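This report goes through selected local features of a single model, with the cut-offs behind each term stated where the term is used.

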Amino acid sequence: MATELSNILPRVLIVSRRTVRKNKFVDFVGEYHLDLIVSYGAVPVILPRVTGVHMLLESFEPIHGVLLCEGEDIDPSLYEEEASGLTPEELDEIRRVHASDTSVDKEKDNIEMRLAKLCLERNIPYLGICRGSQVLNVACGGTLYLDVGKELTNKVPEDLRVMHMDYDNYDGHRHAVKVVENTPLSRWFKDSLEEGKMELWVNSYHHQGVKRLAERFVPMAFAPDGLIEGFYDPDAYNPEEGKFIMGLQFHPERMRQPDSDEFNYPGCPFAYQEFVKAVVAYQKKLNSATNVPRPVKLDQEMEKKRKSIVRSFSIARIIYKGGRDMHLSKESELEVGAEFLESNTALTLEQESRLKQMGATVRNSSSFLARLRLNEEREALARKVMGNMSVEQLSDLMSFYHMMGQICSEVLEKKLHGMVNDLAS
């Protein structure tokens with residue numbers, strides 16, 4: 001039963017945080033996050049903060065949701081460090097006061113930035129808590145205050161100043177926020193908000209925060225000093241359809257009564273509940289798009305022939321895509337694919353033509369090599385243009401072509417269904 005559930009339940013990736021215990025590194029994730037994800041019907045998959053993991057994210061597929069939470073300060077070079085206006089003396093003071101947070105963890109930055117951009121490219125549900133909200137904003141081109149106290153709080157009237165963290169009262173510290181009407185946050189806490197006041201008392205533990213909010217996002221809550229305490233993408237928010245992109249600077253999971261698991265407000269767990277709802281819907285959507293019939297099990301002899309044919313096509317594909325000359329030693333292996341195409345009557349003329357176009361026969365490989373050589377100048381020009389583009393421009397370009405690929409797939413699927421229906425009628 002446990003194995004069946006692990007195959008059925010959606011997977012939520014959570015990146016661990018690293019600390020030192022008994023002179024050894026220990027990776028951990030706060031239990032409240034894990035409890036809430038499990039209680040609403042998803043499986044938390046902890047992604048260890050280990051060197052090189054950011055290059056292995058494909059190994060953690062399928063990814064149905066991403067939850068990013070606490071951690072050290074994000075590397076300032078990722079969001080306009082020079083714009084802070086802080087003096088060297090002020091920066092030294094910040095490092096002394098917030099020593100446990102100002103030690104940048106570039107490996108964690110790499111992992112979480114890649115995950116955030118992956119979610120944005122694929123529309124994978126994303127919930128960012130505390131640092132996770134800052135990662136989301138920076139990934140979309142927003143910026144952060146290097147230190148909220150020095151850059152914001154100290155510059156507003158005294159009656160509007162806010163203590164955003166209390167080292168001596170980690171779980172018990174609270175400060176007021178004003179919730180923006182007609183946002184998910186206002187709907188979750190509607191039974192706790194006084195009409196006209198729209199105020200909540202939240203738990204927070206951070207010395208950095210959103211300075212310039214990325215354009216795609218809409219604020220959901222503000223602290224009295226003006227700091228954005230929550231935001232979301234309204235165009236990517238519909239949990240029932242698997243859409244959820246949101247960041248909360250405060251900690252709803254820790255807003256509980258002293259020595260109790262009872263929440264301060266009934267709406268506290270709703271961010272996790274709605275996030276998992278989106279994760280479940282996203283998994284269903286993903287499964288329906290990738291649901292294909294199981295392959296027929298072949299006997300040993302047929303499996304050997306199948307592998308020979310697959311290898312033949314693979315070699316042809318490498319020649320076609322890489323533009324390499326064909327070695328004589330590979331010719332006999334390519335002939336297997338050619339013979340299959342010429343003798344197998346199960347293929348339609350259209351399928352045979354398509355395989356030949358891919359360079360899957362000895363007969364056609366040379367013509368494709370010639371065509372590839374004709375395109376070398378255009379390819380070189382394209383590479384030169386892209387080489388001069390910024391990371392953000394390349395990311396936008398990749399997102400555009402990913403979107404176009406999805407649109408092509410959807411249109412192709414509709415046309416194929418139409419062909420099937422026409423044949424059936």
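P62 is placed in the loop between strand 4 and strand 5, where helices (H or I, at least four residues) and strands (E, at least two) are DSSP runs numbered from the N terminus. The peptide bond that leads from E61 to P62 is cis, with omega near 0 degrees. This is a predicted model, in which local features need pLDDT of at least 70 and side-chain atom pairs count only at pLDDT 80 or more, while totals for chains, interfaces and linings use all residues. Residues are numbered from 1 along each chain as its sequence is written, and side-chain values use heavy atoms, with hydrogens and water left out.

The side chain of E61 also forms a salt bridge with that of R122, at 2.7 Å from N to O; the term stands for a side-chain nitrogen of Lys or Arg within 4 Å of a carboxyl oxygen of Asp or Glu. Because E61 lies in the loop between strand 4 (43-47) and strand 5 (65-68) and R122 in helix 4, the pair ties together parts that are 61 residues apart in sequence. A search of the whole structure finds 14 salt bridges.

## Helix 4 and helix 5

Helix 4 (residues 106-122) and helix 5 (residues 131-139) have axes that come within 9 Å and cross at roughly 65 degrees, the axes being lines fitted to C-alpha atoms over the stretch in contact and the angles running from 0 to 180 degrees between N-to-C directions. The contact (heavy atoms within 4.5 Å) is made by K108, D109, E112, M113, A116, K117 and L120 of helix 4 together with R131, V135, L136, V138 and A139 of helix 5. These residues divide into seven nonpolar, no polar and five charged.

In the loop between helix 4 and strand 6 (126-129) is N123, whose phi is near 65 degrees, a positive value in a residue other than glycine.

## The largest pocket

The largest pocket has a volume of about 1400 Å³. A pocket is an open set of points on a 1 Å grid over the protein atoms alone, where a 1.4 Å probe fits, with protein on both sides within 12 Å along at least five of seven lines, and its lining residues have an atom within 4 Å of a point. Of the 37 residues that line the largest pocket, K117, L120, E121, A139 and S395 are the closest to its centre.

Helix 4, helix 5 and helix 14 (391-424) each supply at least two residues of this lining, and helix 14 gives the most, with eleven residues.

## The second largest pocket

The second largest pocket holds about 720 Å³ of space, and of the 21 residues that line it, the closest to its centre are K285, L286, A289, Q406 and E410. Helix 14 gives the most to this lining as well, with seven residues.

Methods. Ala, Val, Leu, Ile, Met, Phe, Trp, Tyr, Cys and Pro count as nonpolar, Asp, Glu, Lys and Arg as charged, and the others, Gly among them, as polar. Grid points are joined across faces, edges and corners, and a volume is the space filled by probe spheres set on the points.
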